Amino acid sequence: MTDSDQKKKIVITGDRPTGPLHLGHYVGSLQNRVEMQDLYECFVMIADTQALSDHFENPELVARCVREVFKDYIAVGISPEKSTIFIQSKIPELFELTSYYMNLVTVARLERNPTVKSEIQQKGFNESVPAGFLCYPVSQAADITAFKATLVPVGEDQLPLLEITNEIVRRFNRTYDTDVLLEAKAVLGKVDRLVGIDGKAKASKSMNNAIFLSDSQEVIKEKIFSMYTDPNHIRASDPGKIEGNVVFEYLNAFFEDEAELKSMKKRYEQGGLGDVVLKSLLNETLQKLLNPIREKRESIEESEIMERLEEGTNRAREIARRTMEQVRNAMSISYWTP
Ligand code: TRP
């Protein structure tokens with residue numbers, strides 16, 4: 001068997017286009033995708049249908065962000081030649097697959113999903129959760145299985161969604177006595193959960209506490225200098241705390257010289273290292289990372305974006321179409337050959 005005969009593993013990931021991507025996405029998943037596209041067959045979905053499940057009143061925002069997210073992908077090095085980048089809503093097969101999967105999962109199971117539960121709370125849906133929102137994990141199961149993906153690079157918050165996906169896969173294969181669907185595994189990023197610049201649990205676009213890949217040099221600097229450190233570390237000579245110190249959390253994720261970082265932590269704890277020095281170092285580190293990303297982002301031709309997305313979507317749709325034929329066959333609802 002030659003290399004080209006060997007079937008590559010299939011990878012899928014996606015993002016909801018509700019804002020530009022930030023450093024949390026970068027360490028949580030984008031970095032992984034850039035590495036994986038040289039090794040595997042990669043699909044990258046701009047999940048606009050899913051974004052509408054909590055932004056249905058603002059479809060213009062979602063449509064605008066489809067373009068922004070595409071630019072972020074290209075800027076970090078996801079290449080449309082190596083990865084198939086596509087728009088979720090333009091693949092009707094995904095809606096069909098979602099419908100069949102709806103029968104294989106209970107409402108109680110969906111309500112128990114910890115990720116969805118905390119999102120419901122955060123978005124203030126309370127007792128009036130839209131059915132579409134409650135069911136988005138079912139649609140995500142369709143996203144993953146339609147491409148026969150077995151590897152899914154995502155943040156830790158997505159693990160409960162993958163569990164539901166695999167339950168649906170097993171239920172489908174058992175119910176229709178088939179093996180057409182494949183179970184998938186999460187591939188976690190270097191840092192699972194990057195804290196927000198305000199010290200809150202997670203950097204997120206909805207809480208506006210993230211550094212975006214598209215932020216200007218000035219905004220990055222401003223955000224870094226507003227970061228929470230240790231409120232008792234007033235003078236440089238005071239001993240400071242590392243735990244809960246946002247600047248150190250970011251240095252852990254982005255500063256590459258581990259030995260140097262370790263010695264700085266020691267100095268900080270003993271007293272003798274000021275916050276300004278620390279923040280300047282983080283600023284230098286992040287500017288170095290984000291400058292080329294911003295430049296690449298700005299060089300993208302607006303007129304090419306949809307062309308590229310259309311190409312990727314056509315490629316993706318072909319795969320989804322083939323899986324759908326197998327799914328319908330397994331369910332004995334093919335009726336006639338297309
Ligand atoms: N739920 C993911 C997020 O919020 C986005 C997503 C949609 C996704 N479909 C997917 C991720 C399929 C991985 C695979 O970021």
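Student: Is the crossing of H11 and H12 left-handed or right-handed?
Tutor: In this predicted model, the crossing of H11 and H12 is left-handed. The residues that make this contact are Phe-248, Leu-251 and Asn-252 on the H11 side, and Leu-261, Met-264, Lys-265 and Tyr-268 on the H12 side.

Student: What makes H11 and H12 roughly antiparallel?
Tutor: The axes of H11 (residues 246–254) and H12 (residues 258–270) cross at roughly 165° and come within 11 Å. Angles over 145 degrees count as roughly antiparallel, and H11 and H12 are therefore described in that way.

Student: How do the residues of the contact of H11 with H12 divide into nonpolar, polar and charged?
Tutor: Five are nonpolar, one is polar and one is charged. Tyr counts as nonpolar and Lys as charged under the scheme used.

Student: Why is the pair Lys-123 and Asp-54 called a salt bridge?
Tutor: The N to O distance between the two side chains is 2.8 Å. The criterion is a Lys or Arg side-chain nitrogen within 4 Å of a carboxyl oxygen of Asp or Glu, so the pair qualifies. Lys-123 belongs to helix H6 (residues 114–123) and Asp-54 to helix H2 (residues 48–55), so the bridge ties together parts 69 residues apart in sequence.

Student: How many salt bridges does the structure hold?
Tutor: The structure holds 22 salt bridges.

Student: What does the salt bridge of Glu-302 with Arg-67 tie together?
Tutor: The closest N and O atoms of Glu-302 and Arg-67 are 3.1 Å apart. Glu-302 is in helix H14 (residues 302–330) and Arg-67 in helix H3 (residues 59–76), so the pair links parts that are 235 residues apart in sequence. Both count as partly exposed, Glu-302 at 40% relative accessibility and Arg-67 at 24%.

Student: Why is Lys-71 called buried?
Tutor: The relative accessible area of Lys-71 is 10%; buried means under 20%, so the term applies to Lys-71. Lys-71 is found in helix H3 and touches Arg-297, Ile-300, Glu-302 and Ile-305, leaving out residues up to four places away in sequence.

Student: What makes Ile-78 buried?
Tutor: Ile-78 has 2% relative accessibility, and the limit for buried is under 20%. Ile-78 lies in the loop between H3 and strand S3 (83–87). Beyond neighbours within four places in sequence, the contacts of Ile-78 include Leu-30, Val-34, Tyr-73 and Ile-85. Val-34 is 44 residues from Ile-78 in sequence, yet their C-alpha atoms are 5.4 Å apart.

Technical notes:
Residues are numbered from 1 along each chain as its sequence is written. This is a predicted model: local features need pLDDT of at least 70, side-chain atom pairs count only at pLDDT 80 or more; totals for chains, interfaces and linings use all residues. Side-chain values use heavy atoms; hydrogens and water are left out. Helices (H or I, at least four residues) and strands (E, at least two) are DSSP runs, numbered from the N terminus. Buried means under 20% relative accessible area, exposed over 50%, partly exposed in between (1.4 Å probe, protein chains only). Axes are lines fitted to C-alpha atoms, for helices over the stretch in contact, and angles run from 0 to 180 degrees between N-to-C directions. Angles under 35 degrees count as roughly parallel, over 145 as roughly antiparallel, 65 to 115 as roughly perpendicular and the rest as oblique. A crossing is left-handed if the near helix is turned anticlockwise from the far one by less than a right angle, and right-handed if clockwise. Contact means heavy atoms within 4.5 Å.
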